[in-house]
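These are my notebook entries on a structure that I looked up. I went from strands to a helix, then to the cores and the overall dimensions.

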Amino acid sequence: MAEAPKTAKRDALRAFEGEARSLWDSKKAFEVNAPTIEEFPNTEDLHKVHPKFMACMPFPYMNGRMHLGHAFTFSKVDFCTGYERMKGKRALLPQGFHCTGMPIKACADKLKREMSMFGKNFEKYEELALADKLEKTEINKNVKSKVAAKTGNVTYQFQIMLSLGIDITEIHKFADPYYWCEFFPPQTISDMTAFGAKVDWRRSFITTDANPYYDSFVRWQMRKLREMQKIKFGERYTIYSIVDGQPCMDHDRASGEAVGPQDYTGIKMKVLEWSKPAQDALAQYTDALKGKTVYLVAATLRPETMYGQTNCFVGPDLKYGIYQVNDTEAFLCTERAARNMSQQKIFASTEIIKLADIKGSPIVGTKIHAPMSVYPSVYVLPMETVLATKGTGVVTSVPSDSPDDFATLSDLKKKPEYYNIEAAWVEGYEPIPIIETANYGNLIAPKLCEIKKINSQKDKNQLAEAKEIAYKEAFYQGIMCYGEFTGTKVQDAKPKVREALLKSGEAFVYNEPESLVMSRSGDECVVALLDQWYIDYGEEEWLAKTKKCLAQMNTYTSETRNQFEAVLDWLNKWACARSFGLGTKLPWDEQFLVESLSDSTIYMAYYTVAGLLQGGSVNGHQVGPAGVKPEQLTDAAWDYIFKVGPAPKDTDIPESTLAALRREYEYFYPLDLRASGKDLIPNHLTFFMYNHTAIFPESMWPRGVRSNGHLMLDSKKMSKSTGNFMTMSDATIKYGADATRLALADAGDTVEDANFEDTTANAAILRLYTILEWSEDQVSKADTLRTGEFNFYDKIFENEMNKLLLATEAAYEATYYREALKYGVYEMQAAKDAYQLACTVNGMHKDLVMRYIEVQSLVLAPITPHWSEHMWGKVLKKDGLIVDARFPKATAPVDRALDEATRYVRKTTKSIRDAELNLLKKKKGKAVVNEFKANEPKSLKIFVATKFPEWQEGCLAVLKENYQNGVFDDAKIRTELGAQGLLKNKKAMPFVQEQKKIVNRDGPEAFNRTLIFNEVETLEKAKEELKRTLGFHTVQIMTQDQCAEEDTKAAESAVPGVPSFTFKNEAA
């Protein structure tokens, strides 16, 4: 007989997937509609009579297949939707597809370039790669050939497409960016359907002007915002790609999401006399520099300290350029800084004109004028830590207030020869008191260097600490003690000093990205000053409304709420238009497109009507069931549909059709839950709140946002480059849909990064298969199972199921799916196993076995719907679909006394077993008198205490007397315990400490230690099971006052709730 394949269990479970999907499709299970006006005309109690739930996640971007991280976020809304259905609600889960922006366009453009290099089907790639290999071998292994520049270690876009499973003869089609919008949505629908998604696909759509219906909706939204003066036009600084020729917003970036412009004051330090090496280095550029005044330019965040400049620093090994500003001026800085300046109207044009190249080392020793400095002239000095990636590469030095500057200047003064400088360049340049601070005087940097024992510029850790202290102390506590604004708080003086510098022409406003931003086209982005359309986020009245929305919203975790609050405090103007890419044209200025984070803020409302308008045609090229054409959807029609305007007068859309569309919206809105990765809080999710508060009334504001961390794969970051990567489809094929979903539920519930584990997914396969096999076996022999009244263990199992059901329900309500698995599956199964063991002799009760199978199928239905559907229809032979069934309810309130008794029996059993095992661990070579033999007949005596020892009661009385408002008075407790002589008992203090912990945990009711169950009765009911489980021939249960004299000592250690016991071999 052939050996069963190792994947047999998985394959058996996967067979249920197609069966379940066929059932759902035939019943249109996930097509959810609002009650029609004819069914329910009244809107006032619409949701009371017909409760609803609507959830969604941010639509995925259509430049590839969905990965397991997408699946993790989606699982949150899918599980939630499944649960809410089981609570009797019309639960809607729609799913759209995002195509707006640069990513698709950038990939399509890459393919065009690659086709020009390698041919339509990239047939020349192998030929060029081989030629490159031969050329490198024959000519020089260390010299890279021209062909290698084309075919070297590069991952081409066509190779990425191949990795997505696209045939090489089909890839050329993707050079058309709109083809991506046709190809990937059906792939995504297929992947999500195989995953078990409870999506109403009739409501799906793509974005951009490729979809005329959604295009009309976004145009309405933009016009609406402009009418409300939320969209404005003007100059503003924005992250910009010179290569792309347009703003580079978050979704256009390969890296640097949420990075914004950093505002600096650019300080112009005029060159008075070049150093001799600089003169030599610049001799070749004499003609280019003729007639130009050259300035070293530094970018500072602290213009108020410019009075104290003693020098400026350059990086001796950095490369600098001298760039033309206008006909008479030139700036010395890094090329990176020049690129930024070229786009900020600092230069005469956006063209970057480099007049000269020079390294940092020759510039050292150049005499310059530092604006506002008390010193008429200062020198350029070397500093090893100057970065080319931040600021301009020129650093102005204020040693009175910057610990880094003071430490470096001190080093240079100590060893001028070592640093190749002349002593005259540093002698006499002492720190100048500029700012008076309460804690560190008026020379804060030297003081902090002294306190932190900073001896050199190499003490990086101490300098970082000192820098943070110096900045905060000066900014928040400092008073100016030098210059025009003496006596003014630094916070107030800072903008005034900056304004004075700008007015004098010795400074300019300079911006650059806060950190590196790369566009998807591979360009390092800059900051540009542009005339552009922007959304005025942060406007005072609008911000107040959005904060109110957040206050009313369920964020599920305090971390999510805190992050939203922090973003609302800093978020302001946001460019809403771009020149290139895919999208909707800005209605009043069609040279621009609406950017991808601005056309995706209220589309959840569009979901409500998309089914009637598009009817499942994701690109909107077919008219949907409502019979409305895109051109009929005027602004007045949209206003009426979304209840922000009266019925339109000049429309040819039938009134009944408009009413039907409006009913879908008013029924499903507001959105109940939006699940998303936490990385979208700084942009998309905050814009989502802002736009809802602008356009919709308060009753339609979102009710909940649930954020989650990123998903790791086997405790490592998911990454295509390392191979630690998995798509949703990969996981579904490898483990099956339900095992994948269960492992995702188990991966994590918090905002911390979650972890999908291969071992968990494989264990899920085994667990589901084992429950299935056990259930089939029990159902097949159901008629042989015990019936009649419940015995003690029947009642325990029923009570445990009820208790765990309530805990599972609470977990589902809180969207804590790992918790739902813990109570509804793992602990439920453990309770079943314990019950089955307890029923070894008399057998399990039929009603409880069947209830367990039903409960297990139902509580898992939101997470493992295919498996549950099989259990429901094929194993339990139930009518209808399990996805339409109701979530199970407890058969009775949880019996606390029985619950306590259950734990008591299990704890006692464990204590006896542990004591027996300990007794059997004999020391080697040591003879044992009256050796206990576990496998021979043995008897057990259990002693029950009817009251607590007097010393314990005395201790508890003292504790209770000295407990007020949740706090113990430890001093009084110790005094009174001593006065009553209780401290003489060595057990007293450990007991007191333990009781304090219990009271702190459970509250003052913990002082009442009276048991809520009868110990003797409980043990008597459990006696036969104790015999069977522990293997004792006889078991005697007695109270302390019933025991024989020989057992007195053993019985004395018993306290209520913790019996004592003895056991021995019986006489032959």
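**Entry 1: strand β28**

Helices (H or I, at least four residues) and strands (E, at least two) are DSSP runs, numbered from the N terminus. I took two strands as paired if DSSP finds at least two bridges between them. The model is predicted, so local features need pLDDT of at least 70 and side-chain atom pairs count only at pLDDT 80 or more, while totals for chains, interfaces and linings use all residues. Residues are numbered from 1 along each chain as its sequence is written, and side-chain values use heavy atoms, with hydrogens and water left out.

I then looked up the partners of β28. Strand β32 (residues 1060-1065) is joined to β28 by six bridges, and the two run antiparallel. Strand β31 (residues 1034-1039) is also joined to β28 by six bridges, but here the run is parallel. In β31, Thr-1039 is the residue opposite Val-944.

Is β28 mostly covered or exposed? I found seven of the seven residues of β28 (938-944) buried. Buried means under 20% relative accessible area, exposed over 50%, and partly exposed in between (1.4 Å probe, protein chains only). In a regular strand the side chains alternate between the two faces of the sheet. In β28, Lys-938, Leu-940, Ile-942 and Val-944 point one way, Ser-939, Lys-941 and Phe-943 point the other way, and all are buried.

**Entry 2: strand β10**

I turned next to β10 (residues 329-333). Five of its five residues are buried, so β10 is largely enclosed by the rest of the structure. Glu-329, Phe-331 and Cys-333 lie on one side of β10, and Ala-330 and Leu-332 on the other.

I noted two partner strands. β7 (residues 293-300) pairs with β10 in the parallel sense over four bridges, and Thr-293 is opposite Glu-329. β9 (residues 319-324) is joined to β10 by four bridges and runs antiparallel to it, with Gln-324 as the bridge partner of Ala-330. The strands β9 and β10 form a hairpin, with four residues between them.

I recorded an open sheet of four strands in the order β4-β3-β19-β20, with antiparallel pairing. Its edges are β4 (246-247) and β20 (574-575), each with a single partner strand, so one side of each has no neighbour in the sheet. Two bridges join β19 to β20, and Ile-535 stands opposite Trp-574.

I also checked Ala-254, which is placed in strand β5 (residues 253-255). Ala-254 is exposed, with a relative accessible area of 55%. Leaving aside neighbours within four places in sequence, Ala-254 is in contact (heavy atoms within 4.5 Å) with Met-518, Ser-519 and Arg-520.

**Entry 3: helix α18**

Which residues of α18 are buried? I found Trp-542, Leu-543, Thr-546, Cys-549 and Leu-550. Seen down the axis of α18, these residues fall within an arc of 115 degrees (from the directions of the helix axis to the C-beta atoms), so they line one face of the helix. On the other side of α18, Glu-540, Glu-541 and Ala-551 are exposed. The cover over the buried residues of α18 includes β19 (526-535), α19 (558-570) and α23 (681-695).

The 13 residues of α18 (540-552) reach 19 Å from first C-alpha to last, close to the expected 18 Å. The expected span is 1.5 Å times one less than the number of residues.

**Entry 4: cores and totals**

I looked up the nonpolar cores, each a set of buried Ala, Val, Leu, Ile, Met, Phe, Trp, Tyr and Cys residues joined through side-chain atoms within 4.5 Å. The largest has 107 residues, and those with the most contacts inside it are Leu-68, Phe-74, Phe-756 and Trp-867. Apart from it lies another core of 76 residues, among them Ala-34, Met-222, Trp-542 and Ile-695.

For the protein, I noted 36 helices and 32 strands. Of its 1068 residues, 54% count as buried. The C-alpha atoms fill a box of roughly 120 × 85 × 75 Å, taken along the principal axes. Among contacts between residues at least 6 apart in sequence, 77% join residues at least 24 apart.
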